[in-house]
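Please read the points beside the sequence and the model.

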Amino acid sequence: MAMKPTDEQQAARDAFVEGRDLALIAGAGTGKTSTLIMMGTSVPKKRGIYVSFNREIAENAKTRFGPNVQCRTAHSLAFQHVGKYFKERLDAAAHLPARETARRLGISTVLDAGAKKIEVNHQARLVMGMVRRFCFSTAREVAARHMEALNGLEPDAQAWVSEKLLPYARTAWEDLCSPAGRLRFEHDHYLKMWAMTAPQLPGEFVLLDEAQDTNPVLEEIFLKQSAQRVCVGDPSQQIYGWRFARDVMTGFPADHLYLTQSFRFGPAVAEQANRWLGHAESDLRLTGAARESTVSTVPLPDAILCRSNAHAMREVLSHLELGIRVELWGGGGPLKRIAEAAQQLKDGKRTSHPELFLFDSWAEVQEYVENDKSAGDLKALVAVVDKYSPQTIIEAVDRLAPKGTGQVIVSTAHKAKGREWPRVRIAKGFDRPPIDDSGTQRTIRLDEARLAYVAVSRAMDVLDIEGVAWLDDYEKKITEQSEQHNDPARLVNLALTHQLRFKDAPVTAFLRRHLPGVETVRRDYLSRLAGLPYPVQPLDVHTPAWNCLGHTIDYRLRMLLGRLPGEAVALGVKEFENNVPQPVPGMLREAAREAVLAAGEQMLQRFAQWRDNAAQATDEQRTRLAFVAAHYERIFREGQLTRDSMLADADELTTLDGLMQQVPRYVVEDIAEQLALAEKPFTPFLRLPENQRTCGPTFDGSADIGGADADYILDGLLLDCKATVHPRSIGAAEVYQLAGYLLLDYTDTFAINRVGIYLSRQGGIITWDTDDFLTKLGASASLPELRQLFQAELLRAAHDSSETRAAEREWQAPSIPKPRVSTTHQELSAPRAADCTTDCTPDFKNAAFRLTPGKPRRNQPPVQHVTLDGQTTACRKPIADDARTVSEHADWHLKATCYNCAHNLAPYYTARGYITPINSRDFPPRRS
C-alpha cells in the first residue's frame, strides 16, 4: 500500500505536474527519493530521466521508478554517446607507471623548483592530475591553475611549476581525445568530452538527485537542458566543495520548495540538526515526526562520526586498546599509506606519497605543518603519527574488522553522508572556534557547520553529542556579542556594501521588508545569463592577479568613456611621499620611494595626457599603464605594500616605463579580450553627450550611511561592472546593491530609469527598467515613496545612533589589566588632513584595540591603537604577533588613545556627530 504523501510532498508533486522547473530542498531523511518517484508516476504518459552521479544510487532508483523514467548515471549517458568510441582504451587502461607516462609525454628532465627538485615520475603525476581537475571543471581548456597545491613548495615556485607543466597537460588532453592515444584513459575523460558537446538529454523532464554536491560538469549539462528540470538535495549538506563539487540548487532559477518532515528521527535529534542549520545560514528547519529519539550519552554506539581521518584513527586505536572490534568506514588504506610514507621519511629515505614527496625528512614535514596555514588536514595527520608512531597505525589498520563484522563503525562525517544508524556518537574533533585575546568569540565557518549538521542528522534513535557539547556555551556567547555588534543604531554608519552583510543593518532590513522579491530578480538574471558566452580568463598563469585585473578593466572602461581612474590611485601614489609620518608596512627605502613616487606622478600625468589626446598611446600601452595604476590603488585600499606587488621590488632606478614593461603578457591579452567584448555594448555609451556619462557617482543619501558610490550612470542606466569568472555567484547582495543605489538618489538627481549589471568577461549587459525591477522585487510602494521612506529610515537610525552615544558616559581612559607585553607610547603628531578622505570608512565589526609591543616610556600609559585587519594599526604601524588585543566592538572611538589612529578614521565618527581632532587637546573626539 502506497504511503500517503505529506502536504509538502503533495505540493511538490502538483508543481511538477504543472510543468514548472523546481528546486526541491529536502532536509535529512525527508523522503526526497520517494517524492521524485511520486513526480515520475504522476505523469505516466511523459518520458523522463533520473540522473545521479553515483552508480549505486542510480541502480537502486531503477527498482523504484516506473517504466516511463530512465535511471542513469552521468557516466552511463556519456558512454552511450562518446565513451563507446574509447572502449578499447578503457579496456586496456591497466595501471600505467608514472615513469612510462612521463616517457610518452616527453618529460625527460628533473624540474628544479628552487630548493626542491621534482622527478619526472612526479611531473607525470602532476600533469595527469591537471587533466583530471580540468575534467571536473567547466573550463574549455586545461589551465595552469588546474595543478594541485604542493605541500612544501612556495607559492611563486608552484606558479612556475604549473606554467612549466601546462604544455605537457595540453599534450596529454590531445592524446586522450584521440581513440588511438597512448596514455591511460579514464571514465572522467569521456564525460568531459561529452559535456563539451552541450548535449540535450532524452525525455520531457530531467530529475537531478544530490544536486547540492554536483560535479560542475554535470551541473553545466543540467542547466542547459530545454526539458522541464527538477533538482533535489539539501544545500546544507554541501560538504564536497574541496573536491570541486558545486551546489546547483541555491542559484537555480526555479520555484524553490521544501521538504522539512524527517522520517529518520524524532524531535530531539531534529532540534540538534536545526541548531546547526542555523549556523550554516540555512532557512530550512526540520521536524522530527518518524519516531521518538533522545540526546544522551551512548557507551557503545553503532557509529562514531569524526571530523577527519586523523580523528577517526584516534577512535580506532582507543577502541582496539579496549578489545572492541572496529570497522573503519571506507577502509584504512589512505591512513596506512601516509604512515608508511612517514616511516620512510623517519628512516632518512624519500617517499613517493603525493602529499609528502617534496620533503627530505619527517622533521621537515613537522616544521611545514607548524608554519604553513594551508596545511590544516595534513597537520592533524602528522599529530596522529607523532602521538602513536607509524608502526602502531599500520598495525591498527591491519587489525580492522572486515565490513559488516565490527562491533562499532568509525567513519568520517564525509563518508557517513547518505547513511544512518540507530545510535550515533559525535567524536571530539569538531572543535569550537577560538576566542581571541579580546574575549571575542569567532563564528563557526559555514563549511564546518554543514559538516556538523550532516553528522548529527545520521542518528535515528539516540544521538551522543560529546564532540559538540560546547555548542550551548558558544551560542550564549554569540548571542551576547550580537546584541552589542548588530545594533542597527551602530550599523547605520557602515557603507552600503558593508551593511548588506548584516541582516539587522538599517539598509538591509529596509530592503528586505519593502523589496522582498530579490530571488525573483536573481532568477531572471540567471535565466538571461544562459545566453551569454563562457567567461574569458587567463589560462597560462597559475594565480592571476584577479584584484588588479578587475581594477584594470575598470580603468580601461573609464578611459573609453573619457574619464580618469578614481581618486584612490592618486592616494596610492601619495603613500610614497617621504614626509608621510607613518609609512605603510612593507614600504620601500627612501631612494626607491622617491623613484616610485616620481613614476606614480608621471603615471597620473600620462593618464590625463592620453585622455586629452587618444592618438598618443596604443591600447597595449593604456592597459600596461592601467595595470601599474591598479598596484598603486591596491596599496591605498589594503594599507600595505605586499610582497606580490610589482612595486615591492622597485629600487632607485625604477621608472614608469620600466614598470610598464614588467606588466605580464597575460594581463595585456586578458584585458584585450575583455575590451573586445566591450566594444559592442559600450559603443552606444561612447556616443552619449559628456553630461550623460558619469563614473563613480555618489548620491544624496550616501552621507546618511557610511558611503555609497556606483560604477557608472550612462544616460539614465545605473550600471555595475563585474569582472567575475563565476557570473552565477552573483546573488542577493548584488541585487540589493543596485536597489540601494537607486533609493539613495533621493531627489532623482541622475534620472535613473534602468539598472543593470555588466559582465566584462562575457561582454553582456543584463538590465531592467526601474519599474520592472521594482515590480520583480515586490516593491511595497512607488519609487518616490520608497525613497522618502528610505531616507526617513536612515535618518531615524542616525538619530538613534546619536542618542545611543549621547547616553554613554563621558569618555574616560579605560581601565586595562597590566599587559603581558611591554608597550610603546606614540607621540601625538600633526594631523594628516590631506590624506584623509571619505574612503577611510572602516567596518567596525573588525575593529579592535591593540597594544603594540616595545619599550614603554616612563610614566606613560600604554597606547591603544585601532586595527581593522589584525595586521596593521589604523596609523599603519605593523602589529607584532605577541601584541595584546584589548577589546573588539563598535565603541573603539571612545577608547582609542592613539591620535593618528583616530585622525585617520575621523570621517567615520565625524559623520555621526563627532568633531575631527586637530590637536592633542581635541582627543578623544568630542561631540559637536
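1. Arginine 291 is partly exposed, its relative accessible area being 33%; buried denotes under 20% relative accessible area, exposed over 50%, and partly exposed the range in between (1.4 Å probe, protein chains only). Its place is the loop between strand S10 (287-288) and strand S11 (294-295). Helices (H or I, at least four residues) and strands (E, at least two) are DSSP runs, numbered from the N terminus.

2. The model is a predicted one, in which local features need pLDDT of at least 70 and side-chain atom pairs count only at pLDDT 80 or more, while totals for chains, interfaces and linings use all residues. Residues are numbered from 1 along each chain as its sequence is written, and side-chain values use heavy atoms, with hydrogens and water left out.

3. Which residues does arginine 291 touch, leaving aside those up to four places away in sequence? They are Arg264, Phe265, Gly266, Pro267, Met460 and Asp461, where contact means heavy atoms within 4.5 Å. Between arginine 291 and serine 262 there are 9.6 Å in space, C-alpha to C-alpha, and 29 residues in sequence.

4. Arginine 264 is buried, at 11% relative accessible area, and is found in the loop between strand S9 (261-262) and helix H11 (267-279). Its side chain makes a polar contact with the side chain of glutamate 420 at 2.8 Å. A polar contact is a pair of N or O atoms within 3.5 Å; within protein, one must be able to donate a hydrogen and the other to accept it, and residues adjacent in sequence count only if both atoms are side-chain atoms. A polar atom of the arginine 264 side chain also lies 2.8 Å from the backbone oxygen of serine 457.

5. Five strands form an open sheet with mixed pairing, in the order S17-S18-S19-S20-S21. Strand S17 (693-695) and strand S21 (764-769) are the edge strands, each pairing on one side only; two strands pair if DSSP finds at least two bridges between them. Strand S20 (residues 754-759) and S21 run antiparallel and are joined by six bridges. Isoleucine 757 has isoleucine 766 in S21 as its bridge partner.
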